Amino acid sequence: MAFIEIRKLFKKFGHVIAVNNVDLEIQKGEILTLLGPSGCGKTTTLRCIAGLEKPDAGDVIIDGQPMFSQGFIPPAKREIGMVFQNYAVWPHMRVFDNVAYGLKLQKLPTATVKEKVAEILASVDLGGLGDRYPGQLSGGQQQRVALARALVRNPKVLLLDEPLSNLDAKLREKMRFEIKSLVRRMHITTVYVTHDQAEAMVISDRIAVMDKGNIVQVGSPEEIYKRPASRFVADFIGTTNFIAGEVAEILPDKGLVYVRTEFKQKLLCRVLDSAMANLHQKVQASIRPEDIEVFQEPPKGRENIFKGTIMHRAYLGNFLYLFVHVDSTLIRAQASYNVTAKEGEEIFIFLNPEKCLILP
Amino acid sequence: MSRGNTFLSLILWFILALLVIYPLSFLIIESFKIAGTNQFGIKNYLDFFKDPYYLKTFTNTLFLGVLVLLATTLLGLPLAYILARYRLKGKTILTALILLPIVLPAYAGAFALIVFFGKQGTVNLLLLEWGLISKPINFIYGLHGLVFIQTLHLLPFIVLSLSAGFTNIDPSLEEAAEVEGARGFKRFLTITLPLCTPNYLAGAVIVFLWPFTDWLTPLIFGLIDFLPSIAYINISYHFTDMYRKYIGIVSVVVSSVICVAIFLISKRWVEKKKYTSLSKGTTLEGRIIEPGIFITILSYAYMVFIALLVLLIPTVLGLSAFSRRWVLQPFPTYWTLDNFRLIFLESPLLLKNSFVFSGVALIFGIIFGLPAAYLITRTKVRGKEALDFVITLMLAFPGIAVGVSYLLAFWEGIPLATHWIIMPLSLFVRRLPYFLRMAHASYLQLDISLEEAAEVSGANKLRTFFNISLPLLLKGVFVGVVMFFIMAFQEISTAIFLYRGGWETLPIGIYLNWHRGMEFGIAGAMAFLMIVIIFILLIIISRIGGGILGAAWGSSGGRY
């Protein structure tokens, strides 16, 4: 049985449905990220797990214990730790008192409290700063205080609500790995909320992508990236080209279809879901820029080769980024330096049928 | 640094020197004069602190401050929490009522409570009539009555500052405590309340210092043993007795020093303690709770109780305004418009003076306040901190200090006090920080890039001010203007020292009519009229925007 089970969770604010019958299972010791654009319901879901929000229907079961359906369990009784987006470090208390707060409420002996706080402060690199007030700390340090406070009681579940969004880019990148290794070391089941897909990729064992109150896909970062379940996921995670068209021919045994698009030739695509492949059905083909190969001369013996004109050519350091006009459709492609063609010149692009996916 | 800004700041400094620094230094010099000689010395101060009577007035005043602060805090804490946190229907109207005393003159409230709770007041008469008591109970004459009326009058300051504190707390700070295991009252004590202390202190200072500035209310209750009251009596009634005059001036200086010192200390402390958090994405209204049925009923009962006490003031004044010879009866028996006929037809001068003086003061206020706000928020002109400091200090100075110092300073040398212009001038100086703070706050909200865009487009500073800043500031400035007017309109503590025959204002008229003892109906009618005028102005403010609440809070420094 999963450590956290979210069952048919439903929450409305006024007329807006924030969370729409969400089902999700989170395994013990796992780091799961709720990923989605703002307003997708990820934070509300997290706050329901914390008990800071009461759902209109559904339940959250933590370690076999229902949090709502058999009487509301308040946050204080859930044995959770939480890091807030703005850290919520209490400005009127010293760092030590911030971290010790929860322990003192448990009425632990002073010596134990001191020991535990010192230990956790050291592990978040804040050793020696216990006497400071939060106002005397940098944003990154306040963030660590919040993390230490959430972890010091060794909670069953750690909840993180966009914890890195207030940090600058460099520090954010560093903290991703630090949080991950810290949580791993302590074997704490973690639910992480973010809108930053790169952050989600780095930190998670699994990602649950949310859109408009629904979970649209759950999977490992690789699965989500390589096999997006919908147009929304493909668009939200990474960059992709969408090519609209209509199914023209089905190759049933191969799981491939020909799609008639604005291109002069038909486009050969992979179908992940056979239900998608009906003749004359309107579909979207999706292919990521890095999956497109660019040639100066048309390669022989391959299908899905299209001729296009370079509209923009940008140097991005480790590769070239091209906007290619193919029969009035703009395609983004990643190319290596050996492509010397300039803007306005013709080139050939190869859309690998295995990576050109038909999405609902 | 432009030459224009420097010039502007010099003009403002000249005005401050003439109207603030010069008279106040006169006051201080006078306090060192030794009666009967031409010598100077600290004799007056030594006498003051050696005389057990004056020491008693000093400790009385301190004690009153503590009592009133205690009472307003105990009453205000739950009220502020209810207003800030519970979702209750009709809260806006109840809030407006509870906060009403902030714009009502305390003396008007005192009159009303005497009529209602006095020995021959409505309550006592009714209780006697019903046979519940055999002789009148002393509800209000004495310290307890004074504490009662001051508490009612000052409660809004505590409620406003605390509820602002409760509202401004980032909800996640309390949620974090909840997650950490702190529930209910424990969380309130360890997290919520400590986070409110800077806000609370801002209101508490106003309340605590009030008895050091208010000489009139104790007199109405027949008490004189308070620092400002005895100062008033010594200076106004015994100015031929040099010794009492100087001791009176010493009392004024002592009050002022205490007010300024405590004001500055608390300001320092608040600024140091001000908790800046990284609040992002929190709701504007803070943490709002749906209360349970029990809490709801209790909250309503409490709010209505306070609101009724407040409503008592205009109601009683209204009853006496429309009646005649309301004595020894629980309610008026003879209804008449005679009082108003007297006010409007026989002495319209009072009304006219009130409007003219407040209006002229207001014009001074705008002419001074807007450039001052501009200099302080938008320029780097040298000495702007000092400018801000001197102006803000006027928040702390008791009105009696301004009145007495003007009386001393503007007779000889610069004989401003022989012309009626002294009345609006003193009103303007009393309310100096007011308008500035409003304009200042509006300026801070005005994004500087809007002005910069105009300058980049080719407008000079002056044109930018008139085309861009002023129209955008107008709303805030307007609210400031009306609040200024309201406060100037009810001003008495300065004016009472300066008025001469023909310069009486409505508040002075109220005081004189009460003082004569027989004309309570007219005093009541005047007070009622004043409340009506204030109320109309308040409605205008709330219509214009900013909300009645914000408008009232802008008056946090309001003292009479």
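Contact here means heavy atoms within 4.5 Å. By that rule, 26 residues of chain A are in contact with 23 residues of chain B. This is a predicted model, where local features need pLDDT of at least 70, side-chain atom pairs count only at pLDDT 80 or more, and totals for chains, interfaces and linings use all residues. Residues are numbered from 1 along each chain as its sequence is written, chains are lettered from A in the order written, and side-chain values use heavy atoms, with hydrogens and water left out.

Here's the A–B interface in brief.

| Item | Value for chain A and chain B |
|---|---|
| Buried area (accessible area, 1.4 Å probe, lost on being put together, summed over both) | about 2,200 Å², 63% of it on carbon and sulfur atoms |
| Salt bridges (side-chain nitrogen of Lys or Arg within 4 Å of a carboxyl oxygen of Asp or Glu) | 2 salt bridges |

A:Arg47 pairs with B:Glu175 in a salt bridge, with the closest N and O atoms 2.6 Å apart. On the side of chain A that touches chain B, strand 6 (80–83), helix 2 (95–105) and helix 4 (139–151) each give two or more residues. Helices (H or I, at least four residues) and strands (E, at least two) are DSSP runs, numbered from the N terminus.

Now for helix 2 of chain B (residues 43–50): its buried residues (under 20% relative accessible area, 1.4 Å probe, protein chains only) are B:Asn44, B:Tyr45, B:Asp47 and B:Phe48. They cover an arc of only 160° around the axis, so they sit on the same side of the helix; the arc is taken from the directions from the helix axis to the C-beta atoms. Their cover includes helix 1 (3–31), helix 3 (52–85), helix 11 (227–237) and helix 12 (242–273) of chain B.

Definitions and conventions: Buried means under 20% relative accessible area, exposed over 50%, partly exposed in between (1.4 Å probe, protein chains only). Buried area is the accessible area (1.4 Å probe) that two parts lose on being put together, summed over both.
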